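Please look over the sequence and the structure below before reading on. The briefing then takes up a sheet and the domains.

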Amino acid sequence: MLIKQEDMAKPQERLDTYRLYKQSRPVRYLSEDPAPVTEYVLQWIFQTLGLRSEQVGSVPAAGVLDLYYGNRKGVTAGIKIPIRETDVLWDALIKGKVSAADCSGRLDFDIIGAIARFITDKVNAGLPLQAYDPHGRLLFAHSFQAKAGLATIPVVNLYISFLRELIAARLGLVGVPLWPSGKTCAIGLSHDVDVPEVYAVLQLPSYCRGKGLSWHLSVAKRKAKAYLDWIRKVDPEQYWCFDQIMEEEAKRGFKSTFFFSAVSRACKWASGFDVDYDITQPQYRQLFKRIKANGFEIGLHASYNACRSADILAAEKRRLEDVAETQVLGVRHHFWHLGTDPEQTLAFHEQVGLAYDSSLAWRDSIGFRRSLALPFYPWWSSARRALSALQFPMFCMDAHVLLFDTPSREDPLARLKECTRIIRQTGGLGVIDWHNRTSFPKGGKYQTWGYAYLELLDYLASDPEIWVTDLGSAYKWLESWLQKSHYGQDHQHSGC
Ligand SMILES: [Zn+2]
């Protein structure tokens with residue numbers, strides 16, 4: 001029997017926080033940069049800090065302006081930030097040598113522009129094709145972050161923390177907290193469900209019309225492996241540990257999101273990289289009932305080719321909702337495959353009514369893909385506006401810790417803990433992805449991964465200030481004031 005989950009994001013607390021936010025004094029600011037992306041970044045900063053804001057049309061009388069972003073001389077404001085095209089790294093701040101308390105309020109670094117260059121991934125624009133793997137994912141070694149030594153440093157979080165302290169020191173304004181019930185930060189737990197059954201591939205047809213040679217070879221190879229496993233008497237239930245995962249998490253007061261594929265590799269638009277299992281089988285329908293009854297979340301693990309069109313994505317969302325009999329709020333793409341135009345794929349989320357995505361991550365390294373561990377509405381450059389599907393950045397998956405890193409080190413979770421500490425220090429949010437078959441030590445080759453996951457849960461449980469939750473709960477909490485209208489949609493700069 002699972003322990004009843006306490007609903008961290010209580011409706012009354014949400015309402016009270018929103019009221020507090022609406023009643024607070026706004027930060028009066030003036031931005032001289034007419035680019036819509038700058039307005040988007042400013043709005044994101046204020047919202048993340050829990051502060052209301054008000055754009056002032058022209059330079060007002062002395063004493064009225066709180067924050068000035070521009071290069072004009074003679075403007076009086078509590079905080080002045082220069083516009084500079086090339087500022088990205090504030091070394092002294094990153095090294096902890098800058099204190100907001102000692103700062104005059106007149107910065108010598110374009111902290112707004114620098115955040116924009118990270119959050120839109122402009123720092124990695126124009127890289128050659130060989131910087132990407134065959135699935136279109138940027139290889140960490142070729143990234144700006146690798147060259148700058150920023151794998152486990154969410155620079156944007158450091159900038160946001162500095163601004164929080166600076167605004168408090170210079171303007172006397174403190175925003176409403178980003179997280180509920182006195183929690184300092186949030187860690188989202190999630191499980192990509194790729195291989196829940198050892199023998200699911202045996203139910204797939206060996207020949208499928210319309211599929212190419214590579215698809216048939218991949219299925220043949222997987223079937224051969226399954227027959228070998230059968231001869232070796234591999235437990236068919238070895239990877240089916242959903243109930244144990246929920247029990248272990250619930251024991252510690254946690255919840256998580258399970259991302260299920262709505263279609264198998266036999267589906268007409270699926271690729272050879274997709275999954276074998278079929279969610280319409282009775283055991284999945286029963287499982288979905290238990291996941292919902294326990295207060296955990298069911299999300300969509302979009303197929304490899306779902307990035308090709310909004311119609312495919314919508315069909316998969318609908319199918320999972322029909323079978324699981326639930327509303328699907330969020331998505332993570334299988335292989336984190338966002339195609340050749342990731343922004344367009346993120347825009348599909350908005351089109352099909354998904355509330356959040358959690359696909360932005362380094363494939364081959366632990367750390368922060370856009371150098372931030374905070375929720376954000378991604379910028380859509382071709383439409384010059386923010387998207388309305390929230391992004392929850394993922395900073396760690398099981399293979400980062402136990403495959404790509406050095407698993408023999410004394411504490412395999414050391415770098416994960418290092419990332420968690422900095423998320424906590426900066427009041428951020430980071431998502432962890434531990435696949436379903438590696439999240440519990442049920443035997444087989446992922447036994448040590450399962451133990452590592454339980455150790456991770458213990459580590460998180462030892463700090464009562466961390467809100468450990470599923471992504472849907474984090475979304476429901478945040479939506480109360482992280483309204484999309486604040487991210488450049490309704491709030492356009494007058495010069496645009
Ligand atoms: Zn997957």
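Leu 67 stands opposite Ile 79 in S4. Leu 67 lies within strand S3 (residues 67–69), which pairs with S4 in the parallel sense over 3 bridges; two strands pair if DSSP finds at least two bridges between them. The model is a predicted one, in which local features need pLDDT of at least 70, side-chain atom pairs count only at pLDDT 80 or more, and totals for chains, interfaces and linings use all residues. Residues are numbered from 1 along each chain as its sequence is written.

**The sheet**
- An open sheet is formed by 4 strands in the order S2-S1-S3-S4, with parallel pairing; strands (E, at least two residues) and helices (H or I, at least four residues) are DSSP runs numbered from the N terminus.
- Strand S2 (53–55) and strand S4 (79–81) each have a single partner strand and stand at the edges, so one side of each is left without a neighbour in the sheet.
- From one strand to the next, the twist averages 20 degrees, where axes are lines fitted to C-alpha atoms, for helices over the stretch in contact, and angles run from 0 to 180 degrees between N-to-C directions.
- Helix H2 (residues 36–48) lies across strand S1 (27–31) and S2, and runs at about 160 degrees to S1.

**The domains**
- The domain assignment, which is automatic or from a database, gives domain 1 (11–177), domain 2 (185–200 + 235–485) and domain 3 (201–234).
- The centres of domain 1 and domain 2, taken over C-alpha atoms, are separated by 28 Å.
- The contact takes 32 residues from domain 1 and 34 residues from domain 2, two residues being in contact if their C-beta atoms, placed from the backbone, lie within 7 Å.
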